[in-house]
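Me: I'm new to this one. Can you take me through the structure?

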Amino acid sequence: MNPTFSDIVTLLNTLYNNDPNIGNAPHAAFWQNTTRDAFVQIQTDIWGVEGPLVALGSPNTSNLYLALAGHTPFDGSELPQMPDTGADPNGRHATLSELQMVSTWITNNAPA
């Protein structure tokens, strides 16, 4: 599978599942109504986590992947895994296959 930005947006929409509280999150629904280029340029410092949302070619240094996979700092030590199912009554965490898709997309330099 060669995932595209559209696949990532669809996944994020599925995971947050129309959470009525998404507007209260520091990042809101940042993936909606944006382009691939703007998405991969996001720095998450303004959300309280240093670094890039997407580090092209490197899922393990991409905050998007770390947050969805529940890796540090999104392992509960500093922040919850995303989506925060404690605050999002409708959300769910990504499955292993969904995480693999995100990892592949980032590894492939996040194709549009």
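Reply: Start with a definition: rings of Phe, Tyr and Trp (its six-membered ring) pair if their centres lie within 6.5 Å, and planes under 30 degrees apart count as stacked, over 60 as edge-to-face and the rest as tilted. Ring pairs of this kind link F5, Y16, F30, W31, F39, W47 and W105 into a cluster. This is a predicted model, where local features need pLDDT of at least 70, side-chain atom pairs count only at pLDDT 80 or more, and totals for chains, interfaces and linings use all residues. Residues are numbered from 1 along each chain as its sequence is written, and side-chain values use heavy atoms, with hydrogens and water left out.

Me: How many aromatic pairs does the structure hold?

Reply: The structure holds seven aromatic pairs. One of them joins F30 and W31, edge-to-face, at 5.2 Å centre to centre with 90° between the planes. F30 also pairs with F39, this time stacked, at 5.7 Å centre to centre and 20° between the planes.

Me: And is F30 buried or exposed?

Reply: F30 is buried, with a relative accessible area of 17%; buried means under 20% relative accessible area, exposed over 50%, and partly exposed in between, using a 1.4 Å probe and protein chains only. W31 counts as buried too, at 5% relative accessibility. F39 is also buried.

Me: OK, the core. Which residues touch the most other members of the largest nonpolar core?

Reply: That core has 27 residues, and I8, W31, F39, V54, L64, V102 and W105 touch the most other members. A nonpolar core here is a set of buried Ala, Val, Leu, Ile, Met, Phe, Trp, Tyr and Cys residues joined through side-chain atoms within 4.5 Å. α1, α2, α3 and α4 are the elements that give two or more residues to it. α1 gives the most, with seven residues. Helices (H or I, at least four residues) and strands (E, at least two) are DSSP runs, numbered from the N terminus.

Me: What does L64 touch?

Reply: Leaving out residues up to four places away in sequence, L64 touches I8, L12, F39, L53, V54, V102 and W105. Contact means heavy atoms within 4.5 Å.

Me: How do α1 and α4 cross?

Reply: Their axes come within 10 Å and cross at roughly 145°. Axes are lines fitted to C-alpha atoms, for helices over the stretch in contact, and angles run from 0 to 180 degrees between N-to-C directions. F5, D7, I8, L11 and L15 in α1 meet E98, M101, V102 and W105 in α4. By class, this contact of α1 with α4 has seven nonpolar, no polar and two charged residues. Ala, Val, Leu, Ile, Met, Phe, Trp, Tyr, Cys and Pro count as nonpolar, Asp, Glu, Lys and Arg as charged, and the others, Gly among them, as polar.

Me: Switching to the backbone. What should I look for there?

Reply: Most residues other than glycine have a negative phi, and most peptide bonds are trans. The bond from T72 to P73 is cis, with omega near 5°. The bond from M82 to P83 is cis as well, with omega near -10°. P73 is found in the loop between α3 (63–69) and α4 (96–107), and P83 is in the loop between α3 and α4.

Me: What about phi of N109?

Reply: Phi of N109 is near 70°, a positive value in a residue other than glycine. N109 lies in the segment after α4 and is partly exposed, with a relative accessible area of 42%. A28 has a positive phi too, about 50°, although it is not a glycine.

Me: Where is A28?

Reply: A28 is found in the loop between α1 (5–16) and α2 (36–40). A28 is partly exposed, with a relative accessible area of 28%.
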